[in-house]
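Please study the structure shown below together with its sequence.

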Amino acid sequence: MVKIDIQFNELSAIPRALLELPNLNNLNISNNKLTTFPQLDKWSPSLAILDVSYNRLNGIPGEPTASSINTLNLANNELSAVPLCICSFTTLQFLDLSNNSEIQALPMQMYKLKELTYLNLKGINNLSGIPKSIQQDPQRVIAYFKSKSLPTIGYYRMKLMLVGKQNRGKTTLAARLQGRNCGNTSTIGVDVNEWEYKPSIGKKSFQFSIWDFGGQEEYYATHQCFLSERALYLVLFNLLHGVEGVEEMIPWLNNIAIRAPKSRVLIVGTHLDEISAAEREEKADKILQKAADVAGGFANKLDMYQVMAVGLKDPLEGVTDLRNSIYQCAAEYKFSSGEFVMGQKIPISYSKLDKHILWFQKRARQCNLNTILKREEFKALVKELNLTDIYGDNELKLATTCLNEIGTLLHYDDRSHHLDELYFLDPQWLCDMM
């Protein structure tokens, strides 16, 4: 066993012979001025620990084999991408990539690193393509990349969240979007309904899960539990309330910006049909311009898509335009990775689980069944479906994260209150309880 420590020597290159020493076990060349890495086909077969942190390295050339390496520290260098050769280091257990701020993505081939137990990505703030919730969990990262290698299907469903103060027309508008009539009843808590829409023949049909949030102040605190990034938001105000009505949207926009930054938002002024044609320019147009000004103030926090006005009584003025705008907004919406939200590729096994849970929700409402499952019960449900891709805890977490973001189920990764042990298969039920 040989350990070599040559820290703080102002070296600009790694001596090639060092990496070829047959009995070398531990090599520390951190805190130097290394800019290049020697191109070798093979590193020492005994090399288990390599620390080249705090240098100026921008990569590892070639495809070297490293049959014994279990610890690799590349922190605080100048990497703009993760060297692909690392993905072939199948014995790797510890990988530190922290503070290589130019890295924007991890290679999908990292699913090969099945022994990895430590992954440090701190200081890499623009990482895309991986959910933030799993970035510091090596096993979930590996499972995530493995899921990306599975057979996939395009998924065309997302949440449509309607928010605003009480009596602004949210429940009526939700019904009108679906082609239904609606009474004057206010929503208590949150009401969830499914709406399928395509604007014309030849267009892809989109499925929207409409979340109609009650506007009573006593529900504001619980609403925050259900806001998520994979959603479109309609923020409603009453045109008849003028500037005051516009300004009352600001707390809602702030809430969305905090809980779901960069989400797409449509601002909708309601009760347009109660303003006469003669007063439209004086009243409606000026108020809509004020709403557009407010939207402009959130341009750095949210994706403010459009400001519109609708009537809620027959003949439903502006509702068809709003439907088409929602559809177009969804069609254009992209993740930070550049992938379209509608049509997102998810594993076929996730899609099967999603459909089963949606079926279960309908049956549970009809038969008054329990919709809260403990972890072992949820795992048994997955096993019954024979979903061989979801075979371990990490794979189950990824599937759950996906369906949680989509809005099919609710799961909170909160160990302190044992919430992580529960799976809420009907979001509507949880909304009612809260």
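Predicted model: local features only at pLDDT ≥ 70, side-chain atom pairs only at ≥ 80, totals over all residues.

Student: Which strands stand at the edges of the open sheet of six strands?
Tutor: Strands (E, at least two residues) and helices (H or I, at least four) are DSSP runs, numbered from the N terminus. Two strands pair if DSSP finds at least two bridges between them. The order in this open sheet is 1-2-3-4-5-6, with parallel pairing. Each edge strand has a single partner, so one side of each is left without a neighbour in the sheet; these are strand 1 (2-5) and strand 6.

Student: Which residue in strand 2 is the bridge partner of Lys3?
Tutor: Strand 1 and strand 2 (residues 24-28) pair in the parallel sense over four bridges. In strand 2, the bridge partner of Lys3 is Asn26.

Student: Is helix 1 largely enclosed or largely open?
Tutor: Buried means under 20% relative accessible area, exposed over 50%, and partly exposed in between (1.4 Å probe, protein chains only). In helix 1, the buried residues include Val141, Ile142 and Phe145. Eight of the eleven residues of this helix (residues 138-148) are buried, so the rest of the structure leaves helix 1 largely enclosed.

Student: How far does helix 8 reach from its first C-alpha to its last?
Tutor: Helix 8 has 20 residues.

Student: Which residue forms a salt bridge with Glu248?
Tutor: A salt bridge is a side-chain nitrogen of Lys or Arg within 4 Å of a carboxyl oxygen of Asp or Glu. The closest N and O atoms of this pair are 2.6 Å apart, and the partner of Glu248 is Arg168.

Student: How many residues apart in sequence are the parts that this pair ties together?
Tutor: Glu248 lies in the loop between helix 4 (242-247) and helix 5 (250-259). Arg168 lies in the loop between strand 8 (157-163) and helix 2 (170-177), so the parts tied together are apart in sequence by 80 residues.

Technical notes: Residues numbered from 1 in each chain as written. Heavy atoms only, no water. Expected span 1.5 Å × (residues − 1).
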